[in-house]
Amino acid sequence: TPYEEWSVSFTPDGNAVYFSEGTIYMAVCYSKKVSGGWAKPKVASFSEKWPGWDPFVSPDGKKIFYVSNQPLPDAPQNMPSRKSHLWYADNLGGDKWSGARPVNEPFNLDGINDYAPTVSKNGTLYFCSIGRGDIKGWSSYSVKWMGGHFDKPQLITVPGTDEIQDPFIAPDESYLAFINNNEIYISFRDANGWAPAQKLGPQVNDGNGISGPYISADGKTLY
């Protein structure tokens with residue numbers, strides 16, 4: 001397409017990909033695999049009215065999380081929100097989705113911009129914010145799914161990093177990929193939490209702008 005594209009996420013079967021597309025106006029789009037190629041992208045139904053970006057399909061394919069400045073339900077519906085919130089939609093079968101719903105938790109409704117949602121198999125949500133609490137720059141958080149609601153956010157700390165932006169969590173939470181100073185790093189979980197960060201090589205970190213790392217379900221491809 002003639003537009004910028006970033007932040008990809010695939011359905012569990014690998015036959016559909018969701019991504020951010022746009023320049024001034026951003027939308028969550030998707031493309032389906034057809035005869036070994038990819039069909040012309042379409043705007044996802046939940047992203048047709050309001051801007052959306054940073055989509056992430058849950059490992060079981062039942063939900064898609066994304067970011068939007070869509071007005072919250074209790075706000076005037078004729079103008080976008082001044083803040084970016086985490087939203088989600090439920091899968092209704094194939095490429096059909098429910099209407100958009102905000103993640104209805106205090107950490108998502110406290111007036112701080114949230115970005116880059118990513119979810120593990122057990123439902124733990126990871127995301128990043130800028131200027132949350134006493135941290136002026138980018139920081140990332142994990143929030144456990146408690147069965148009916150999310151727990152309180154836990155700050156993610158990885159030795160050897162200045163900031164943690166655009167997290168990607170492995171389905172089993174065994175590793176975390178993220179952006180630190182415009183480069184992709186990875187950290188593996190150990191007995192003490194997260195091991196010291198490892199910067200990926202120059203084949204990946206080549207000096208160009210980087211955002212939204214995503215690793216395929218089989219762990220063999222980085223997008």
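Visitor: Why is Cys128 called buried?

Guide: Buried means a relative accessible area under 20%, exposed means over 50%, and partly exposed lies in between (1.4 Å probe, protein chains only). Cys128 has a relative accessible area of 0%, so Cys128 is buried. Cys29, at 3% relative accessibility, therefore counts as buried as well. This is a predicted model, in which local features need pLDDT of at least 70 and side-chain atom pairs count only at pLDDT 80 or more, while totals for chains, interfaces and linings use all residues. Residues are numbered from 1 along each chain as its sequence is written, and side-chain values use heavy atoms, with hydrogens and water left out.

Visitor: How many disulfides are found in the whole structure?

Guide: A disulfide is a pair of cysteine sulfur atoms within 2.5 Å. A search of the whole structure returns zero disulfides.

Visitor: What makes Arg132 and Asp110 a salt bridge?

Guide: The term requires a side-chain nitrogen of Lys or Arg within 4 Å of a carboxyl oxygen of Asp or Glu. For Arg132 and Asp110 the closest N and O atoms are 2.8 Å apart, and the pair forms a salt bridge. Arg132 lies in the loop between strand S12 (125-130) and strand S13 (138-143), and Asp110 in the loop between strand S10 (101-102) and strand S11 (114-119), so the pair ties together parts that are 22 residues apart in sequence. Strands such as these are DSSP runs (E, at least two residues), as helices are (H or I, at least four), numbered from the N terminus.

Visitor: Which of these terms, buried or partly exposed, applies to Arg132, and which to Asp110?

Guide: The relative accessible area of Arg132 is 10%, so Arg132 is buried. Asp110 has 37% relative accessibility and therefore counts as partly exposed.

Visitor: How do you know that Asp114 forms a salt bridge with Arg132?

Guide: The closest N and O atoms of Asp114 and Arg132 are 2.8 Å apart, which meets the limit for a salt bridge. Asp114 belongs to strand S11 and Arg132 to the loop between S12 and S13, so this pair ties together parts that are 18 residues apart in sequence. Both Asp114 and Arg132 are buried.

Visitor: What is the count of salt bridges by this rule, and which residues are linked in a network?

Guide: The count comes to seven salt bridges. Lys63, Asp90 and Arg101 are linked in a network of them.

Visitor: What is said of the phi of Glu173?

Guide: Most residues other than glycine have a negative phi. Phi of Glu173 is near 65°, a positive value in a residue other than glycine. Glu173 sits in the loop between S15 and S16, and its relative accessible area is 12%, so Glu173 is buried. The side chains of Glu173 and Arg189 meet in a salt bridge at 3.8 Å, N to O. That pair links distant parts of the chain, with Arg189 in strand S17 (residues 183-190), 16 residues apart from Glu173. Arg189, at 40% relative accessibility, therefore counts as partly exposed.

Visitor: What makes S15 and S16 a pair?

Guide: Two strands pair if DSSP finds at least two bridges between them. Three bridges join S15 to strand S16 (residues 175-180), and the two run antiparallel. Gln165 stands opposite Ile179 in S16. The two strands form a hairpin with five residues between them.

Visitor: Why is strand S15 said to be largely enclosed?

Guide: Five of the five residues of S15 (residues 165-169) are buried, so this strand is largely enclosed by the rest of the structure.

Visitor: What is the order of the open sheet of four strands?

Guide: The order is S11-S12-S13-S14, with antiparallel pairing. S11 and strand S14 (154-155) are the edge strands, each pairing on one side only. Six bridges join S12 to S13, and the bridge partner of Leu125 in S13 is Val143.

Visitor: With which residues is Val57 in contact, leaving aside its neighbours within four places in sequence?

Guide: Contact means heavy atoms within 4.5 Å. Val57 is in contact with Ser9, Phe10, Thr11, Pro12, Tyr18, Lys63 and Ile64, once those neighbours are left aside. Val57 lies in strand S6, and at 3% relative accessibility it therefore counts as buried.
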